[in-house]
Amino acid sequence: MARMVEGLRRRSAVAEIVSEEEIREWSVIETTGPAVFLGDLHGTLDRVHDDLAAVGLLNPDQADPLSWEWIGGNAVLVQLGDLYDRGADADYLRAALGRLNDQAQQNGGDVVRLIGNHELKYLGQWPTRLNDAEHLAVAKLVLHGLSTGRILGAVAVKGCLAVHAGVNLDIFPEWRGKDAGHMARDINRRLLNAIRCSSEITSIKAVRENVFKDPIFYVGPRRGGAFAKVNAGGVFWFDTREGHSDLGFTQIVGHTPTRSNRVEILEDRNTVLADVGRHPVYGNGSGVYVVK
């Protein structure tokens, strides 16, 4: 009987093994330390260590990603998604951020990765240019992260909303007047409800069980979406040119590389653009955003 119960647990969808209490706990991070937001990485290590060391999170003398050392105390680091694709260093980055998460939590801090549209491709949304072995390996890692809270759809910290691409309230009128914590919890709940496959998948066929019909997954016209009545994308595909809404508090987003290859602030929209385009194809940018 014990083996049967364990087998059923391993085959359960991610949403079935994550409780509502865990969603609430993961969605809002409380800290008296600074919050640091690191944009899209796309498998690129260049200047990541230097940027995080410069704001006091990492030991500046330990530049090898295999030995990065957290010195940030109770600070919070949020990586805004799209860790994968393009560059060759995604495995180093994933492992390094995982170790930093363990070190940070031992010191009252935290390291959180958000899911981006490139991670969603491994879970079955627009899965282009992926070979089967890579697809399965990354999908399992992302699913495990979602089931343990190490990867989230969004997070609220220091009154700000961090999400991969951003929010336009014309697409989500139900969020008008809501705070960052409410939005983060709703995004995480809706993301998990879309993930129907188990974190223990053995074939990429399993990702076909996932359903991406919720508006949070909409692809807007700037990214080639085919929704005739949608004028902007959902929170994982939204393009800066589609117009972020002023939510009444700061939203911190990646996804669309800035033209300056530096962090940019849209003061009229209360929005921080943190995708500095680190990969060479986007311009070799650098920089992070800090909320103290």
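Biologist: Which residue does Arg150 meet in a salt bridge?
Modeller: Arg150 meets Asp102, side chain to side chain, at 2.5 Å from N to O. Keep in mind that this is a predicted model.

Biologist: Where do those two sit in the chain?
Modeller: Asp102 belongs to helix H5 (residues 90-106), while Arg150 is in the loop between helix H7 (132-148) and strand E5 (151-152), so the bridge ties together parts that are 48 residues apart in sequence.

Biologist: How many salt bridges does the structure hold?
Modeller: There are 10. One of them joins Glu174 to Arg190, with the closest N and O atoms 3.0 Å apart. That pair links distant parts of the chain, 16 residues apart: Glu174 is in the loop between strand E7 (160-163) and H8, and Arg190 is in helix H8 itself.

Biologist: Which residues are linked with Arg190 in a network of salt bridges?
Modeller: The network takes in Glu20, Glu174, Asp186, Arg189 and Asp214 along with Arg190.

Biologist: Nice. Which residue does Arg223 form a salt bridge with?
Modeller: Its partner is Asp239, and the closest N and O atoms are 2.9 Å apart. Both residues are in the loop between H8 and strand E8 (251-253), 16 residues apart.

Biologist: Is Asp239 buried or exposed?
Modeller: Asp239 is buried, with a relative accessible area of 1%. Arg223 is partly exposed, at 26%.

Biologist: Changing topic: what order do the strands of the open sheet come in?
Modeller: Six strands line up as E1-E6-E7-E8-E10-E9, with mixed pairing. At the edges are strand E1 (28-29) and strand E9 (264-266), each of which pairs on one side only.

Biologist: In which sense do E8 and E10 pair?
Modeller: They pair in the parallel sense, over three bridges, and strand E10 covers residues 271-273. Gln251 stands opposite Thr271 in E10.

Biologist: Which strands does H8 touch where it packs on the sheet?
Modeller: H8 touches E1, strand E6 (154-157) and E7, and its direction makes about 160° with that of E6.

Biologist: One more spot. Where is Ile195?
Modeller: Ile195 is in the loop between H8 and E8. At 0% relative accessibility, Ile195 is buried.

Biologist: Which residues does Ile195 touch?
Modeller: Not counting residues up to four places away in sequence, the contacts of Ile195 are Ala13, Val14, Ala15, Leu123, Leu143, Leu146, Asn210 and Phe212.

How values were computed: Residues numbered from 1 in each chain as written. Predicted model: local features only at pLDDT ≥ 70, side-chain atom pairs only at ≥ 80, totals over all residues. Heavy atoms only, no water. Salt bridge = Lys/Arg side-chain N within 4 Å of Asp/Glu carboxyl O. Helix = DSSP H or I, 4+ residues; strand = E, 2+ residues; numbered from the N terminus. Buried < 20%, exposed > 50% of the residue type's maximum accessible area, 1.4 Å probe, protein only. Pairing = 2+ DSSP bridges. Contact = heavy atoms within 4.5 Å. Axes fitted to C-alpha atoms, helices over the stretch in contact; angles between N-to-C directions.
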